[in-house]
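Trainee: I am new to this structure and would like to go through it with you. Could we begin with the aromatic rings and then turn to the ligand?

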Amino acid sequence: MLHGLGMRWFPVVGWAERGGSLATGHGNSVPRFHITWGTGPGVVAPFERRLREHVAAGRVDYRPRHRVTGLAIAGGRAEAVSGEILAPAGEPRGRATGRDVVGDFCIEAGAIVVASGGIGGNHDLVRKNWPTERLGPAPKRMISGVPAYVDGQMLEVAEAAGCGVINRDRMWHYTEGIANFDPIWPMHGIRILPGPSSLWFDALGRRMQAPAMPGFDTMATLKRILSTGRDHSWFVLTQSIIRKEFALSGSEQNPDMTGKDWRAVLKSRLGRKAPPPVEAFKQKGEDFVVAETLGDLVAGMNRLAGEDLLSPGALRAEIEARDRQIANPFAKDAQIVALRGARHYLGDRLIRTARPHRILDPAHGPLIAVRLNVLTRKTLGGLHTDLDARVLAPNGQVIAGLYAAGEAAGFGGGGYHGYNALEGTFLGGCLFSGRAAGRHAAGAA
Ligand SMILES: Cc1cc2nc3c(=O)[nH]c(=O)nc-3n(C[C@H](O)[C@H](O)[C@H](O)COP(=O)(O)OP(=O)(O)OC[C@H]3O[C@@H](n4cnc5c(N)ncnc54)[C@H](O)[C@@H]3O)c2cc1C
């Protein structure tokens, strides 16, 4: 269906969230992270085109800058939405806009669909819902992987009106966040989509064990990081690794793919230098330390953390032990075994996995350390819905005329992904639940 609308995908499928150590356990056993040609804007474009046609034909009344603050439900039926009309704004996409109120509105409807997104931009709400018993205490410092409008306010409105919200402690936050040196939204963080070679140390300088390896198990790694009582961890890598293995999430960080420019894609992904956005972060990002020697690197890491938590001797011992395994064809280091495994997949070998080398080999330098922050992103719980995307009250009764889709409904149902998501599957839940809501709402209206 999406192909029919004109959507296309980058031919190399990424392999994210490879999972823990057991075949029966969490993780993707095959590559399944499909990148849309044109990234996010490429997904939206065919829908926007159709919507504009409907607006032009007078079939759709499009009302931006209308913020819903009330939902009227009476006798088990949703009847209307009300709220504030905000002053016009011309900010670029993703930037926070003004909240000056210039009027109000109330719209009655036979069918109402809530598609207001998650809570990741509202750190107070994230902390309130944090699953402390599963992951340990919420981080004191987080950065935002979503714009300010992802504020969870509409979920509170819906709940106050009598809708059921379930699985609110299910969230999907990343462990490889870096502060954006050129922020678009408040506390703007970017997620590194890492290849398998960077060495991962906790804030105290201990190398993390499987499954806390780059790209393996986000939730287990988050728990492991927080067990130190600190909020950050470190990647230690080489120039050769950053060049081949670092990808940054977000349409503006991938101008080649977003602009559908094949020549630029080939140059940036197969060239001798790191892609320009990655190189820019290396030079300007506040979380990066670059040095020729390990001693200088560790001194820079301690400076950045503001505490002398890392011992150069201990880090050297870990890195040298790992480096010795590179020359061992059998290798007992789980990350090196995984790295060799990754290179059996052609897609990884071509564009995502550096040729195995010693971290302390100056020919692959300089050395790079990246302070990794917890980055809020997805809300896996939300409005409780049935398979027709109908919203349910806390007692399980259907609220007539009310539907929910996308992240506001936990990507569908109020928790389509369970406790632990699989990467590359989120937008699918938005589209799928949106289709269910649209089809059934059209029948009901
Ligand atoms: C940088 C980035 C990278 C991502 N990468 C991926 C990826 O690679 N793969 C993947 O599957 N997913 C990815 N995601 C996640 C995915 O984009 C989101 O899960 C998805 O866009 C959510 O869609 P949605 O329509 O449910 O909510 P949103 O896209 O958040 O839209 C919600 C809309 O509702 C509006 N709204 C909110 N409250 C109100 C209110 N009270 N009144 C009126 N309007 C309101 C908001 O302004 C917004 O326009 C990424 C997200 C980000 C930010």
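Mentor: What follows covers the aromatic rings and then the ligand. This is a predicted model, in which local features need pLDDT of at least 70 and side-chain atom pairs count only at pLDDT 80 or more, while totals for chains, interfaces and linings use all residues. Residues are numbered from 1 along each chain as its sequence is written, and side-chain values use heavy atoms, with hydrogens and water left out.

Trainee: How many aromatic pairs does the structure hold?

Mentor: There are ten aromatic pairs; rings of Phe, Tyr and Trp (its six-membered ring) pair if their centres lie within 6.5 Å, and planes under 30 degrees apart count as stacked, over 60 as edge-to-face and the rest as tilted. The W172 and Y174 planes stand at 80 degrees, with centres 6.3 Å apart, so this pair is edge-to-face.

Trainee: And is W172 buried or exposed?

Mentor: W172 is buried, at a relative accessible area of 0%. Buried means under 20% relative accessible area, exposed over 50%, and partly exposed in between (1.4 Å probe, protein chains only). Y174, at 2%, is buried as well.

Trainee: What about F411 and F426?

Mentor: F411 and F426 form a tilted pair, 5.3 Å centre to centre with 55 degrees between the planes. Both residues are buried.

Trainee: Now the ligand: which atom of V68 lies 2.9 Å from a ligand nitrogen?

Mentor: A backbone N or O atom of V68 does.

Terms used. A polar contact is a pair of N or O atoms within 3.5 Å; within protein, one must be able to donate a hydrogen and the other to accept it, and residues adjacent in sequence count only if both atoms are side-chain atoms.
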